[in-house]
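Please read the following report alongside the sequence and the coordinates.

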Amino acid sequence: MLHDTGTCTLAVQDVQRSSLHFAFTLQRHGDDRPGVTGSMLCVFIDGATRRPVPLPRTIREALPDDADMLAEAS
């Protein structure tokens, strides 16, 4: 509802060469379970060619160590 407050939880679910897969939940304060769950796939592309490119080094370095383990496992 409009003006409800809550918590959004976002987690890196998978890391690939040129993409990040996120999972998220939205939970209203006072509720026992999330009201919304979902996922989002973000692919890094070259603007000119519209082809996938490797994750930028700054982003890969900012990821927690266990996110790199996800990439190695897949």
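**Model and confidence**

This is a predicted model, in which local features need pLDDT of at least 70 and side-chain atom pairs count only at pLDDT 80 or more, while totals for chains, interfaces and linings use all residues. Residues are numbered from 1 along each chain as its sequence is written, and side-chain values use heavy atoms, with hydrogens and water left out.

The pLDDT, which is the predictor's confidence in each residue on a scale from 0 to 100, has a mean of 87 over the protein chain, and 88% of the residues reach 70 or more. Where pLDDT is low, the predicted coordinates should not be read in detail.

**Fold**

The protein chain has two helices and three strands, and these elements follow the order β-β-β-α-α from the N terminus on. Helices (H or I, at least four residues) and strands (E, at least two) are DSSP runs, numbered from the N terminus. Of the contacts in the chain with a separation of 6 or more, 37% are accounted for by residues 24 or more positions apart. The accessible surface of the chain comes to about 5,800 Å², and 55% of that surface belongs to carbon and sulfur atoms; the areas come from the Shrake-Rupley method with a 1.4 Å probe, and for residues only the protein chains shown count as cover.

**Buried residues**

Residues are called buried under 20% relative accessible area, exposed over 50% and partly exposed in between (1.4 Å probe, protein chains only). By this rule, 11% of the 74 residues of the protein chain count as buried. The largest nonpolar core is made up of five residues, namely Val15, Leu20, Phe22, Leu55 and Leu63, where a nonpolar core is a set of buried Ala, Val, Leu, Ile, Met, Phe, Trp, Tyr and Cys residues joined through side-chain atoms within 4.5 Å. In soluble globular proteins, nonpolar side chains tend to be buried together.

Leu55, a member of that core, touches Val15, Gln16, Arg17, Ser18, Ser19, Leu20, Phe44 and Arg60, when residues up to four places away in sequence are not counted. Ser18 sits in the loop between β1 (6-15) and β2 (19-28) and is buried, with a relative accessible area of 13%; beyond its neighbours within four places in sequence, Ser18 is in contact with Cys42, Val43, Phe44, Pro52, Val53, Pro54 and Leu55.

**Charged pairs**

How many salt bridges are there by this rule, namely a side-chain nitrogen of Lys or Arg within 4 Å of a carboxyl oxygen of Asp or Glu? The count comes to two, and both pairs are listed here.

| Pair | Closest N and O atoms |
|---|---|
| Arg28 and Asp4 | 3.0 Å |
| Arg28 and Asp31 | 3.2 Å |

In the pair of Arg28 with Asp4, Arg28 lies in strand β2 and Asp4 in the segment before β1, so the pair ties together parts that are 24 residues apart in sequence. Arg28 is partly exposed, with a relative accessible area of 39%; Asp4 is partly exposed at 37%, and Asp31 is partly exposed at 29%. Salt bridges that share partners join Asp4, Arg28 and Asp31 into one network. Side chains of opposite charge can pair when their charged atoms come close.

**Cysteines and backbone**

The structure holds zero disulfides (pairs of cysteine sulfur atoms within 2.5 Å). Cys8 is exposed, with a relative accessible area of 52%, whereas Cys42 is partly exposed, at 25%.

His3, although not a glycine, has a positive phi of about 80°; His3 is placed in the segment before β1 and is exposed, with a relative accessible area of 71%. Arg50, also not a glycine, has a positive phi of about 60°; Arg50 is found in the loop between β3 and α1 (57-62) and is exposed, with a relative accessible area of 65%.

How values were computed
Contact means heavy atoms within 4.5 Å.
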